[in-house]
Amino acid sequence: MIKLTTLALAAASTLALLGGIAQAQDKTFNIWWFEGADSAQGIAWAKALDEFKAAHPDVTVNFEQKTFAQLQQSGSMILNSNEAPDVLQYNKGNATAGLVASQGLLTNLDDYVVSQGWDKILNEGDFVLSRYDERGIYGSGPVWGIPANGEYVSAFYNIDMFEKAGLMVPTSIEEWEAAMDTFQKQGVTPLALGGVDTSGQHLLASLAYTQADDTWIQNYQGLKEPLDGAPFLYAAQKLVDWVGKGYISKDSTGMKDPDAALLFTSGKAPIYVSGTWNLGGFSATIKDFKWGQFIIPTPKYSVGSTGNLWVIPTGAKNKDLAAEWISLTLSPKYQTEMANAGGVAIAADPATITNPVGKNAVEVFKQISDKNGLGFYPDWPVPGFYDVLNQKDTGLFQGSLTAEQFVEEIKQVYDDAQANQ
Amino acid sequence: MANQGVVKSAAMGAPKPVSRRGRKQRGAVRWLVLALMLALLALTLFPFVLALINAVKTGPDYAANGPLSIPTSIQFDALAKFWDMADYSRKLLNSTLISAGVSVLAVLLSLLSAYALGIGEVRGSSVILAMLLLGTMVPQESIVYPIYYMAKAVGLYDTQLAVIIVIAVLQSAFGTYLLASVMSTFPREILEAAEIDGASRWEILINVVVPIMRPTLMVLGTFFFIWTWNEFLIPVVMLVSNDNQTVSVAMGLTRGQNLSDPILQAAASLLGIAPTVIFFLIFQRTLTRGVAAGAVK
């Protein structure tokens with residue numbers, strides 16, 4: 001008994017000691033990000049970090065690879081403690097960056113935006129998700145975070161299958177439907193879709209945004225008025241139509257994104273609608289055929305946004321160094337690095353990019369961003385809307401909801417949130 | 001392993017003289033049971049096999065043929081990559097330290113409180129036990145914030161000691177309930193005999209109760225170890241630095257915001273379950289002995 005207690009006490013004090021050693025030295029610079037080491041951002045930033053270390057031999061630079069889950073789960077708790085780093089990557093949006101900004105856990109970056117010249121590199125549209133007001137709602141208020149990359153939803157297509165079927169890249173929804181019809185007549189289900197996952201609602205929103213104008217997007221994302229369901233009705237009718245015509249497999253109702261992506265990468269389905277985060281994985285693993293991406297034909301708005309943000313916690317000890325780091329990731333050199341690793345660098349010069357995948361992605365993002373066409377994601381305006389949309393569009397694919405019922409049901413949730421905000 | 005036991009016990013019944021027809025029937029039943037157990041075994045092993053075949057696949061192979069195909073070539077890159085990326089040896093050490101710490105502390109706590117509740121006479125002990133049982137059902141999400149603030153207040157945030165204390169207390173609720181139920185059936189004669197011999201309460205606990213309960217305590221400790229090993233929420237919230245984190249938290253490295261690398265995930269799962277399987281194999285005898293001892297009592 002006594003022995004056991006002594007043992008436990010000894011173990012406890014050793015642990016306490018171990019914990020204590022971690023905090024030492026005065027000039028240390030702690031930096032965290034959660035992008036994977038294989039992702040374009042991870043590759044570019046690892047190189048930038050080497051340069052950063054070389055430029056500051058007197059500073060001990062500690063990098064920690066974090067996980068998205070950890071920061072999602074306990075981000076505000078970490079930022080509200082002494083363990084917060086000097087600079088870290090943080091998920092954009094009201095529920096994440098907006099929340100911690102409104103809690104006073106982030107440094108106001110307005111002065112750095114001017115002194116570091118970030119306003120010369122990024123356009124005003126790129127700052128929309130950097131600004132949060134005192135309630136943590138994006139769009140206005142001071143700048144709290146800086147994006148270094150962008151993302152958008154597009155259709156990935158199998159170039160070999162398109163060529164074999166004698167098809168061109170569609171430039172209108174009608175041409176897209178005609179292409180899918182050709183595949184369907186050949187016995188190929190053209191569209192791979194994760195009905196219970198993000199790609200289902202991203203397809204829905206991509207179609208809805210083709211019917212959207214500035215007012216609609218601003219009202220929708222800003223939760224300003226009860227939902228005008230017309231664009232969603234159009235999208236829902238298209239999807240019902242496509243399921244009926246066999247463009248989308250009935251099996252996709254219960255499918256997750258990885259399985260839908262697998263249908264595309266294995267060459268079974270020629271088209272898969274999803275985000276640019278697939279670029280790295282597809283480049284690395286698709287060896288049997290040529291593939292490309294096309295934007296879902298739209299007058300202005302596409303599903304997409306600027307990427308996650310660099311933020312500086314309020315308690316950071318080396319804020320100037322942190323700002324210097326952010327500038328480094330925005331510098332032409334590392335923007336080009338990111339694009340050459342296949343990423344959607346936010347401000348890279350296409351002329352300097354050698355990787356065709358990254359070059360195309362940067363150009364497309366620039367096109368969308370220059371016309372202010374980032375419509376953001378459909379689940380943003382209402383907390384919990386992600387699950388509502390997944391659930392309801394599954395009903396749509398299954399045939400248990402008509403297009404009208406679908407719009408009515410999402411409108412109810414949206415309008416409730418709108419009235420009670 | 002389980003089906004071996006069944007086959008053996010079924011075979012032991014065989015030498016008895018039975019009529020031809022009866023033997024035939026019993027044979028059929030035996031085969032049926034065997035087939036059923038084999039099917040169950042296959043079902044149990046399926047996730048392991050899935051993790052194994054995908055962990056050694058190449059990315060293009062997975063992209064072209066999917067998760068169920070047999071790998072066209074075997075490579076251990078993903079395993080090595082995950083080990084490296086997660087600093088896995090460090091994580092193993094952390095998980096072992098935390099799990100062992102919890103299992104010792106939680107067994108100790110459970111033993112002491114169960115001794116009071118099961119053998120000693122505490123007024124309202126059944127109410128206390130019911131409350132403890134309720135305590136095991138409280139969702140961890142609801143207590144995370146209070147625990148976080150308490151840990152910060154005493155300077156234990158981002159230390160493994162905090163995780164050990166919290167999980168040990170949580171698990172000892174179940175441990176107390178279990179041990180107290182076992183102890184309430186403890187033969188009174190033995191306790192009375194010890195009392196007549198002049199043993200104090202401490203001496204009865206240490207010299208009489210603990211030796212008899214040892215197999216049960218070992219089982220409990222083993223379960224605590226494995227449960228703690230698989231614990232996710234409390235470690236992810238309490239352990240900020242990578243150097244303090246556990247195996248289950250490191251597994252999150254394979255899942256990004258929108259994507260996951262299936263091969264890396266398979267490799268991580270394989271590396272993640274391997275230690276518990278090894279631990280289970282080592283302590284398997286203790287476990288079966290402990291369970292059996294409990295049954296005889």
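**Exercise 1. Determine what share of the residues of chain B count as buried, and describe the secondary structure of the chain.**

Solution. Of the 297 residues of chain B, 36% are buried, where buried means that 20 or more other C-beta atoms, placed from the backbone, lie within 10 Å of the residue's own. The model is a predicted one, in which local features need pLDDT of at least 70, side-chain atom pairs count only at pLDDT 80 or more, and totals for chains, interfaces and linings use all residues. Residues are numbered from 1 along each chain as its sequence is written, and chains are lettered from A in the order in which they are written.

Next, the secondary structure of chain B comprises 13 helices and zero strands; helices (H or I, at least four residues) and strands (E, at least two) are DSSP runs, numbered from the N terminus.

**Exercise 2. State how chain B is divided into domains and which residues form their contact.**

Solution. An automatic or database domain assignment supplies the bounds: domain 1 of chain B covers 2-55 and domain 2 covers 87-296. To their contact, domain 1 of chain B gives four residues and domain 2 of chain B six, two residues being in contact if their C-beta atoms, placed from the backbone, lie within 7 Å. On the side of domain 1 of chain B that touches domain 2, three residues are nonpolar, one is polar and none is charged. Here Ala, Val, Leu, Ile, Met, Phe, Trp, Tyr, Cys and Pro count as nonpolar, Asp, Glu, Lys and Arg as charged, and the others, Gly among them, as polar.

**Exercise 3. Describe the side of chain A that touches chain B.**

Solution. First, 37 residues of chain A are in contact with 36 residues of chain B. The elements of chain A that give two or more residues to this side include α1 (2-22), β2 (60-65) and α3 (68-79). The largest share, eight residues, comes from α1(A). By class, this side of chain A has 18 nonpolar, 15 polar and four charged residues.

**Exercise 4. Characterise the packing of α2(A) against α15(A).**

Solution. Two packed helices are described by the angle and the distance between their axes. The axes of α2 (residues 40-55) and α15 (residues 332-340) of chain A come within 8 Å and cross at roughly 145°. These axes are lines fitted to C-alpha atoms over the stretch in contact, with angles running from 0 to 180 degrees between N-to-C directions. Among the residues that make the contact are Ala44(A) and Lys47(A) of α2(A) and Tyr334(A) of α15(A). The contact residues divide into five nonpolar, one polar and two charged.

Note on methods. Buried ≥ 20, exposed ≤ 12 C-beta atoms within 10 Å, placed from the backbone.
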